[in-house]
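Got a protein model open and wondering where all those labels come from? Let's go through some of them and check each one against its rule.

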Amino acid sequence: MLKIYNTAKRALEDFKPINKTVKIYTCGPTVYGYQHIGNYASYIYWDLLIRTLIMDGYKVKRVLNFTDVGHLTSDADSGEDKLEKGAAREGKDVYEIAKFYGDDFMRNFKALNLIEPEIIAHATDYVKDDIKAVDKMTDGGFTYETSDGIYFDTSKFDHYADFAKLDLSGLQAGARVGFSDEKRQVSDFAVWKFIKPGEKHAMRWDYLGRPGYPGWHLECSTIIEKELGGPIDIHTGGIDHIPVHHTNEIAQTYAMTGRELAKYWLHCNFITIDGEKISKSLGNIYTLDDLAKRGFSPMDFKMWVLSGHYQGTRNFTFESLAGAKERRLSWRNRIAECYQNTNSLNNKDASFGQILDAVNDNLNSPKAFALIDTLNLNLKDWQNIDKLFGLNLIEDSPNLNDVANKTILEREIARQAKDYEKADQIRDELANQGITIKDTATGPIWQYSK
Ligand code: AMP
Ligand code: ZN
């Protein structure tokens, strides 16, 4: 049985689905630039959640959104729209930018062997629904109009502060000196922004007789209602989303439907690099391609991410990544040993149950990894480990062992015939396939080289 830490209750809870199919929503990327390794860490944690549910026998329906409009550079209601900024930076149009970075995200998603969500929802495809949602919130008395948009009046939702345990009076008191816009409370947020005459904003929709675009938080509430039908079982995101984005999603959904948005909320902590926040100004934004240039595969990175807990603070260093790479190779070579030891195939005393139990305990992958390091595992266990973590430990080719053994035999025959040239050639051919032959006291064995 899965236990998860529910941010909404600030407690570890037994997971009980609402219906047969578990409905999950993950706040996705803002597709205006390359996603960095911190971003991908979050999707790796949620992939473990999905895989754990599947191993536990649940059917899962999951939606991930692509934010392609409305996310402003300040994360609040001021600054430029990130997509417009990306378009200006690259001299392209906003739709080209969204397509390019969305495709790049999916390429990496696949390289990380993350299970693809059933639905990928682009915010721009839901603007009609956003407009209906704003109408509904306005009818319920939850909004007010200012000169630059329609704002959600957070004082109208009694439980607004509950989710993030916000100190609203403190927030109000600490508001910028000269806080002079027309917002009634500092915590109020735009559900719709007007485009001023002359303002450059390519993505625009007509509403209330003038051009505008949806506020960033709205898409998630709208997409969830349309694609999954709330309340959903699990909503996931990074801890940065707790005080503003998720708090606002909850408020909007309450205003639209009168009920809660999700039963369980999971948040992952942030990774830092060399102890620093990942940021452009510090020049420490690494992509998966940057790691590849230094000889680390997406699977090495995934191994590194899962060797820590999703709620823990994680500090990324290339040293620790090298450690994860080595650990993965050592696991692969234990699998190679299993292939070459027929007893392992018949070993009925499987240990995978203990590993799944560890992960069912609030996705404790570091504990599961420590168990993998120490337990005696058979091939069936390793196959299950691969299903649970998606680490591509086992080669696709099912007859790899036969090929390796046959080649080893050919090399032995060549060696005995003192045809060392041929023996070396065979060894090199195998090396090209990522397999090393190691001569041991009991004869040659094969191992993975990466
Ligand atoms: P964004 O594209 O900025 O909306 O971010 C996509 C996802 O990555 C969000 O769920 C963020 O919470 C998450 N995220 C951003 N930075 C980090 C980080 N350094 N570590 C872990 N997750 C992050
Ligand atoms: Zn969201």
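Two strands pair if DSSP finds at least two bridges between them, and the strands themselves (E, at least two residues) are DSSP runs, like helices (H or I, at least four), numbered from the N terminus. This is a predicted model, where local features need pLDDT of at least 70 and side-chain atom pairs count only at pLDDT 80 or more, while totals for chains, interfaces and linings use all residues. Residues are numbered from 1 along each chain as its sequence is written, chains are lettered from A and ligands numbered from 1 in the order written, and side-chain values use heavy atoms, leaving out hydrogens and water.

Q: How do you know that strand 3 and strand 11 pair?
A: Pairing takes at least two bridges, and strand 3 (residues 21-26) and strand 11 (residues 232-238) have three, in the parallel sense. One spot to look at is Ile24, which stands opposite Ile234 in strand 11.

Q: Why is helix 2 called roughly perpendicular to helix 3?
A: The axes of helix 2 (residues 82-90) and helix 3 come within 8 Å and cross at roughly 95 degrees. Angles under 35 degrees count as roughly parallel, over 145 as roughly antiparallel, 65 to 115 as roughly perpendicular and the rest as oblique. So helix 2 is roughly perpendicular to helix 3.

Q: Where does helix 2 meet helix 3?
A: Contact means heavy atoms within 4.5 Å. Residues of helix 2 including Leu83, Ala87 and Glu90 meet residues of helix 3, among them Val94, Ile97 and Tyr101.

Q: Why does Gln354 count as partly exposed?
A: Buried means under 20% relative accessible area, exposed over 50%, and partly exposed in between (1.4 Å probe, protein chains only). Gln354 has 41% relative accessibility, so it counts as partly exposed. You'll find Gln354 in helix 12 (residues 352-360). Leaving aside neighbours within four places in sequence, Gln354 is in contact with Leu371 and Leu375.

Q: How do you know that the buried residues of helix 13 line one face?
A: In helix 13 (residues 365-374), the buried residues are Ser365, Ala368, Phe369, Leu371 and Ile372. Seen down the axis of helix 13, they fall within an arc of 160 degrees, so they line one face. That arc is taken from the directions from the helix axis to the C-beta atoms. Among what covers these buried residues are helix 1 (37-55), helix 10 (318-340) and helix 12.

Q: How do you know that strand 15 and strand 16 pair, and in which sense?
A: Strand 15 (residues 435-440) and strand 16 (residues 443-448) share six bridges in the antiparallel sense. A hairpin joins strand 15 to strand 16 through two residues, and Thr440 stands opposite Gly443 in strand 16.

Methods:
Axes fitted to C-alpha atoms, helices over the stretch in contact; angles between N-to-C directions.
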